[in-house]
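Below are some notes on aromatic contacts and one surface feature. Please read them beside the model.

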Amino acid sequence: MTPILVTLTVLLFAGMPVAFAFGLASVVALLLDSSSLLNIASRMFAGLDSFVLLAAPFYILAGEIMNRGGISARLIDLSRALVGRVRGGTAYAAIFAAVLFSGISGTAVADIAALGQIFINSMPREGYSKAFAAAVVTAASVIGPIIPPSVIMVLYAAVADISVLNLFLAGIVPGLLLGVACGLVVFVRGLKGGLPISNVEIKRSDLPRLARDGSLVMSLPAFIVVGTLSGAFTPTEAGGIAVLYAMFLGVFVFRSLDFASTMEAMRNASRLTASLFLLIATVEIVNYVMIMAGIGEWTAGLAKAFAGQPQLFLIACVVSFLLIGLALDAGPALLLLAPFLLPVSREMGIDDIHFSIVMIVSCTLGLISPPVGICLFVACKIGNITLRQLWHELRWFFYAQIGLIMVLVFFPILSTGVPRWLRG
């Protein structure tokens, strides 16, 4: 197991793309073990041979279409109208918009790319510092992969063999609480008088239109959850329906989606899907090599070390996930660790959904933790600020979200309550 870990570490620090680093590290390990390289092709195919994975490209495409159909601007206007003229109102609006947008995007990068262009550039005109504006949007972007529909949950469910619908339902409360954690940071900052009062005017005559548009947009995640719960369609089929619904809204209701925008959305979704599936395939090779190297014995020893202390085990996992997030994004970390740690948590009596949500939320924070968090670089590019400037403001949001993870660890009902209530 040492050769693959050493090679993987060297390749990642050398700046090689994660999928290629996983693949090459596996090749090196197989060659040193004199194993047949034919195992590479078979394991890559096995990693992708899952019906659940078909949902991922559909949800990605639905998010791309909704983003190009003028959805983000409507959600932002609705957020500003609901928040009102309070101190730090635009910061609250950014968080609320991220919560709404997460119900259609499914990814953190989509959230920060869509919302950042508006909030990071407009909030400084109201008196916010650009670093604080970028920090608010960056922190709120991690809500995207938690509130359904979530692309990362689809990938995790395929690897961990867990119900996608249960994960979707379990992510609702933690996702909302992530928004509350961000809002508390803004509230404390406002108490110190460091935030301006919003000067954005929303005409009373525009409120019915904003409410109608917002209701139509937010009906998408509700439609997915209700439809799958009723058995009308599976979560995978729901992805295809989400694409059709997004196109219907963009073309016939909002009339802001044309043929060129649709093709661009399909191209972007295809590129992202291809990169994700390549990553899944190469991670499967790594998992195979590590199993052959005896990682099962290591995980068995881990279970013995934490016997009778499930919460201590969860805390250790959270710390490990946060440290791994310094080097890996959420997707690779989840795909790599889930097959090995989930059986350990089961042996310790931890509910699968509880452990999965703690793991997903913890790894998702890697998207906003330096030095490799991709959302950091997107925010810095949009705001034309340095990583140091952004982290100076972002750290308080980051600490608040870590605190929320600790709450999730000690109160499993926050993760398991909704699935049990709705599915029995």
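1. Tyr 128 and Phe 132 are both buried (under 20% relative accessible area, with exposed over 50% and partly exposed in between; 1.4 Å probe, protein chains only). For Phe 132 the relative accessible area is 2%. This is a predicted model, in which local features need pLDDT of at least 70 and side-chain atom pairs count only at pLDDT 80 or more, while totals for chains, interfaces and linings use all residues. Residues are numbered from 1 along each chain as its sequence is written, and side-chain values use heavy atoms, without hydrogens and water.

2. Rings of Phe, Tyr and Trp (its six-membered ring) pair if their centres lie within 6.5 Å; planes under 30 degrees apart are stacked, over 60 edge-to-face, and the rest tilted. The count by this rule is seven aromatic pairs. Tyr 128 and Phe 132 are stacked, because their ring centres are 6.1 Å apart and their planes lie at 5 degrees.

3. Phe 132 also pairs with Phe 397, and this pair is tilted, at 6.1 Å centre to centre and 50 degrees between the planes. Phe 132 belongs to helix 8 (residues 130-141) and Phe 397 to helix 20 (residues 387-410), so the contact ties together parts 265 residues apart in sequence. Helices here are DSSP runs (H or I, at least four residues), numbered from the N terminus. Phe 397 is buried, at 1% relative accessible area.

4. One aromatic cluster is made up of Trp 391, Trp 396, Phe 398 and Tyr 399.

5. Val 407 is found in helix 20 and is partly exposed, with a relative accessible area of 35%.

Definitions and conventions. Helix = DSSP H or I, 4+ residues; strand = E, 2+ residues; numbered from the N terminus.
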